[in-house]
Amino acid sequence: QVKNKAPAEVQITAEQLLREAKERELELLPPPPQQKITDVEELNDYKLRKRKTFEDNIRKNRTVISNWIKYAQWEESLKEIQRARSIYERALDVDYRNVTLWLKYAEMEMKNRQVNHARNIWDRAITTLPRVNQFWYKYTYMEEMLGNVAGSRQVFERWMEWQPEEQAWHSYINFELRYKEVDRARSIYERYILFTVLVLVHPDVKNWIKYARFEEKHSYFAHARKVYERAVEFFGEEHMDEHLYVAFAKFEENQKEFERVRVIYKYALDRIPKQDAQNLFKNYTIFEKKFGDRRGIEDIIVSKRRFQYEEEVKANPHNYDAWFDYLRLVESDADAATVREVYERAIANVPPIQEKRHWKRYIYLWINYALYEELEAKAKRTRQVYQACLELLPHKKFTFAKMWLLYAQFEIRQKNLPLARRALGTSIGKCPKNKLFKGYIELELQLREFDRCRKLYEKFLEFAPENCTSWIKFAELETILGDIDRARAIYELAIGQPRLDMPEVLWKSYIDFEIEQEEYEKTRNLYRRLLQRTQHVKVWISFAQFELSAGREERLPRCRQVYEEANKAMRSCEEKEERVMLLESWRSFEDEFGTDATKERIDKLMPEKIKKRRKLQAEDGSDAGWEEYYDYIFPEDTANQPNLKLLAMAKLWKKQQQESEAAAMDPDKDIDESQ
């Protein structure tokens, strides 16, 4: 028992103990002395001790394969091949999946020229672990080194049954090529291509290219071309790869088949997306610079632009501006079939919403298509385009008059007047519009079919009785034809309509018509009827100018009388500017044709222009400040309003007051003035 349990003054830690042991090298044993074996007994004793050591190590941990390998290699160094073989077999019983173990075992047999044993080991290895490529490579290499070509080929065949990776197939092909077996190599390529087609989900293009280059290298050019063609057919348009087409084109370029090269490049560029065809474009450009002419280089540029447009219309099929650009490009370069195909693709993208604003750009695709067919192709197809477009339009909701008119004009150019009339008649029946009526009437006018024009105008005015332009044109037609009574009756019907879009234009046309016919009394009556409806100042001025120009003897009194009536009528008008305009017109008349008395009279009627202020209010009713404006004070109104006279006198008094105050503020000025 420890009597003193107090801690020692100097504490020793485990770390210190280990450090001291290391410094003093207490654990290191001196190397064993070299032992020279002189007889068989000593050798057997040494072997016994060494084997016991190895066995003890194996017993401690059977799974450490390095112990087994060291043990077997030691036995091999003693030329104890049978013992080494036994150790490897025992090790394989422990872990037969260890690749190193099989390799060391087979290498031992090969070193000691035990060929059959090595073959047996390789056979067992590839049977047990067929997915370890190293075994197959070593086995085939051993057979080839032994000159056993048939045996090596047999091993390759067994390997190929396991459908190994790409490098294994190429090793087999290279093996056959080393012995000039080109036909065998070709058959292996065929099997490999078939394997990639049937087994692999995404076969690689490079295998086809290697096969074709193999044929090209051995001068089998027809076979190489066939391989490329098969590859193009196999991958189709869904899995196109630019590398395949580049290789194919370069092969044809080496064969001096330049037209074939162009066809291959163009075929690929038309089908591969632009972002995946950069290398293709580059190689095509280089080819054209080397072997092509200016036209070929321009074709490349066109193809590139075509790719861009294809990408745009794929991204947004309803981008009609992109379609227009694309069609313009195709029309300038491609044949009729290609242009027609692009047009068909473009017009297939019908706007999804039946609103006219969405169709305005789309309809020009049809128009351009029809014009192209008429100019470049036959009339029959043009008619079909127009008819298909007119069937597509939702006429119950909206229509495009220009489409009907263009169709009718086309039929007239084809000297097919009945079809043109039928088209325009159908348009008016399905979806009447002002533009359609005008176009149809203009057509019949050009054909001098005036009875048809009359019927069309009647239908037009039944459809749109408020359209003043139609009434005027109808009356002008009758005037041209010399039927004045019909023209006057049309005007009378027109001004009798309860609702008109431009009545002032209609009345002016009617009045001008009567003036042209020199029916002055009827013109006066028209003015009187118009003034019953409106008291506009321009009507009065026009009436006065008519009186001035109409009669010869009584024109001035009549004109002055009109101005008098207008002035009386305008007194109650709130728009003083109009009254001022009337008086100015009257004064200009008097200045030219009046006497001094009449001039003096009109001068007395002219108003005084004064500046006034009025309070402004915002939309919410708050105060928005003051605004200055000009007002007119007419003498006739001043006489009737005494308050205005009182206001004028007050202003005069205020002015006099201001002048007197200014004089009082400056007495020196008064003294100077008195001196």
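**Salt bridges and helix packing**

Glu-176 and Arg-153 are both buried (under 20% relative accessible area; exposed is over 50%, partly exposed in between; 1.4 Å probe, protein chains only). The model is predicted: local features need pLDDT of at least 70, side-chain atom pairs count only at pLDDT 80 or more, and totals for chains, interfaces and linings use all residues. Residues are numbered from 1 along each chain as its sequence is written, and side-chain values use heavy atoms, with hydrogens and water left out.

Salt bridges

- The whole structure holds 22 salt bridges (a side-chain nitrogen of Lys or Arg within 4 Å of a carboxyl oxygen of Asp or Glu).
- Glu-176 pairs with Arg-153 in a salt bridge, with the closest N and O atoms 2.8 Å apart.
- Glu-176 lies in helix 9 and Arg-153 in helix 8, so this pair ties together parts 23 residues apart in sequence (helices are DSSP runs of H or I, at least four residues, numbered from the N terminus).
- A salt bridge also joins Arg-260 and Glu-252 (3.8 Å, N to O); Arg-260 is partly exposed at 36% relative accessibility, while Glu-252 is buried at 0%.
- Lys-52, Asp-56 and Arg-59 are linked in a salt-bridge network.

Helix packing

- Helix 8 (residues 149-160) packs against helix 9 (residues 166-178) at about 160 degrees, with axes 11 Å apart (axes are lines fitted to C-alpha atoms over the stretch in contact, and angles run from 0 to 180 degrees between N-to-C directions).
- Helix 8 and helix 9 are therefore roughly antiparallel (angles over 145 degrees).

Key:
Helix = DSSP H or I, 4+ residues; strand = E, 2+ residues; numbered from the N terminus. Parallel < 35°, antiparallel > 145°, perpendicular 65-115°, else oblique.
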